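Thanks, everyone. Let me put the model up, and then we go through it piece by piece.

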Amino acid sequence: MTKKVKKRCAVIGDGIAANTFIFYLLSRTSDIKVTQFFNESLFPQSSLKSTAIVANRNTPFGVSEYGDLLNKSFIELESFYLKNSAKFLEEIEVIDHIDYGNGVDYHRKYPNARKSKYGFEFAEKAYIFYPHEFLKKLRELNNNERIKQAITEYKQLSEYDFIVDCSGHYMKFFNHYVDSQITSGSYLCADFDFDHSFSITMHRCNLIYRKKYKQLIIGSSTGHDFMEQKEFRHLKACYKTLGEYDFQLPSFNEFELVRSYRHKMLKRLPVWKEFKKNKYINGGYFRNGYQFSFLAGKELSEMIIGKL
Ligand SMILES: Cc1cc2nc3c(=O)[nH]c(=O)nc-3n(C[C@H](O)[C@H](O)[C@H](O)COP(=O)(O)OP(=O)(O)OC[C@H]3O[C@@H](n4cnc5c(N)ncnc54)[C@H](O)[C@@H]3O)c2cc1C
């Protein structure tokens with residue numbers, strides 16, 4: 001009997017896109033060998049600078065392609081969590097996200113919001129990821145070959161049967177097939193002591209507390225360039241708004257400004273597809289990497305398994 005030779009898949013990236021995809025692929029088949037390429041000293045991940053919170057924000061189905069993708073991705077994240085929560089007890093927390101607000105747009109978004117001392121409130125389930133720990137756990141579970149190497153062109157990987165490019169906002173560095181934009185993302189972060197994690201949107205200003213990191217976060221915000229005054233002003237205005245609603249915050253100068261980049265494709269739509277024979281891209285997650293990566297991982301792994 002001849003032994004079946006395993007197909008080989010090269011994955012570029014070591015962020016949420018790459019590691020979640022590999023988790024789905026290797027959970028579903030052992031007929032493929034994965035080698036991962038990355039270089040954090042040259043190309044640091046956005047995934048570690050992320051506030052990494054996922055709430056569906058009452059997004060309706062059937063209104064836009066973007067909304068539908070967010071919904072489908074949230075459902076896939078729930079299914080992932082249902083199957084795997086025991087493996088990620090320290091890496092993911094499930095909490096209630098509360099959105100406080102008022103006005104026409106708020107009520108259109110949350111028709112069932114309840115009256116509250118801050119206007120109206122709407123509570124829904126949210127997932128807080130601890131980025132370092134979550135990625136570390138995925139790597140341990142995936143247990144695939146990992147090579148620290150900068151890739152400058154796909155030709156370097158010509159010995160592999162499949163290439164999956166999860167290089168995030170660096171994609172343009174060597175991929176000339178995708179039309180994407182790089183925007184910035186930032187938040188304010190300070191040490192704080194509180195007894196539980198929470199996530200609040202207070203009249204469009206986000207306040208997050210990650211208990212495990214003892215971190216209080218204001219934001220994040222998005223800008224076109226790295227870093228616009230507008231983006232900074234938004235965070236400062238949020239600090240002021242939250243103070244006006246009686247939140248006891250550290251002084252403004254105690255906050256650190258955390259900045260990174262976001263990868264934006266056409267109409268903010270993420271892309272996971274085969275763009276050339278056996279070459280795939282998986283990216284454009286923009287503000288929702290910890291939400292989209294699960295649906296992307298599921299669908300992309302199905303595409304590749306279908307070819308084995
Ligand atoms: C401030 C901020 C807050 C955010 N908050 C949230 C949030 O609350 N919820 C949410 O869901 N999303 C959030 N996001 C978005 C989310 O963090 C990103 O969408 C996600 O991290 C992108 O992941 P990625 O794996 O595509 O890219 P990255 O994490 O950037 O990973 C890219 C990988 O590719 C490797 N690489 C790149 N080029 C090369 C090369 N040439 N050779 C070898 N390796 C290469 C890099 O080393 C890296 O490992 C936020 C983003 C920012 C910036």
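Which residues in H2 are buried? Leu-70, Ser-73, Phe-74, Glu-76, Leu-77 and Phe-80. Buried here is a count: 20 or more other C-beta atoms within 10 Å of the residue's own, with 12 or fewer called exposed, partly exposed in between, and C-beta atoms placed from the backbone.

Ground rules before we go on. This is a predicted model, where local features need pLDDT of at least 70, side-chain atom pairs count only at pLDDT 80 or more, and totals for chains, interfaces and linings use all residues. Residue numbers start from 1 along each chain, as its sequence is written. Helices (H or I, at least four residues) and strands (E, at least two) are DSSP runs, numbered from the N terminus.

Back to H2. This helix covers residues 65-84, 20 residues in total. Its first and last C-alpha atoms are 28 Å apart, close to the 28 Å expected at 1.5 Å a residue. Expected span means 1.5 Å times one less than the number of residues. What do the buried residues of H2 pack against? Strand E3 (53-55), strand E6 (119-129) and helix H6 (289-305). Packing is judged by contact: C-beta atoms, placed from the backbone, within 7 Å.

Next, H6. This helix has 17 residues, which should span 24 Å at 1.5 Å a residue, and its end C-alpha atoms are 23 Å apart, which agrees. H6 is mostly covered, with 13 of its 17 residues buried.

Now H1. Its 13 residues should span 18 Å at 1.5 Å a residue, and the end C-alpha atoms are 18 Å apart, which agrees. Ten of the 13 are buried, so H1 is largely enclosed by the rest of the structure. The buried set runs Ile-16, Ala-17, Ala-18, Asn-19, Thr-20, Phe-21, Ile-22, Phe-23, Tyr-24 and Leu-25. What covers them? The cover includes strand E1 (7-12), E2, H4, strand E8 (162-165), strand E15 (279-283) and H6.

Take the H4 part of that. The axes of H1 (residues 16-28) and H4 (residues 131-142) come within 9 Å and cross at roughly 35°. Axes are lines fitted to C-alpha atoms, for helices over the stretch in contact, with angles from 0 to 180 degrees between N-to-C directions. The crossing is left-handed, meaning the near helix is turned anticlockwise from the far one by less than a right angle; clockwise would be right-handed. On the H1 side, the contact uses Ile-16, Asn-19, Thr-20, Ile-22, Phe-23 and Leu-26. On the H4 side, it uses Leu-135, Leu-138, Arg-139, Leu-141 and Asn-142. By class, that is seven nonpolar, three polar and one charged. The classes: Ala, Val, Leu, Ile, Met, Phe, Trp, Tyr, Cys and Pro are nonpolar, Asp, Glu, Lys and Arg are charged, and the others, Gly among them, are polar.

On to the ligand. How many residues surround the ligand? There are 43, and the closest are Gly-15, Ser-50, Gly-168, Gly-185 and Gly-289. The cut-off for being near is a C-beta atom, placed from the backbone, within 6 Å. H1, strand E2 (32-38), E3, strand E9 (181-191), strand E13 (256-264) and H6 each supply at least two residues of that shell. The shell divides into 19 nonpolar, 19 polar and five charged residues.

Now some backbone points to check. The peptide bond from Gly-219 to Ser-220 is cis, with omega near 15°. Ser-220 lies in strand E12 (residues 215-223).

Two residues other than glycine have positive phi. Lys-214 has phi near 50°, and Asn-278 sits at about 65°. Lys-214 is in the loop between strand E11 (205-210) and E12. It counts as exposed because it has 12 C-beta neighbours inside 10 Å. Beyond its neighbours within four places in sequence, Lys-214 is in contact with Asp-191, Phe-192 and Asp-193. Asn-278 lies in the loop between strand E14 (271-276) and E15. With 14 C-beta neighbours inside 10 Å, Asn-278 counts as partly exposed.

Last, Arg-210, in strand E11. Buried or exposed? Arg-210 is buried, with 23 other C-beta atoms within 10 Å. Leaving aside neighbours within four places in sequence, its contacts are Ile-128, Tyr-130, Ser-197 and Gln-215.

Conventions: Two residues are in contact if their C-beta atoms, placed from the backbone, lie within 7 Å.
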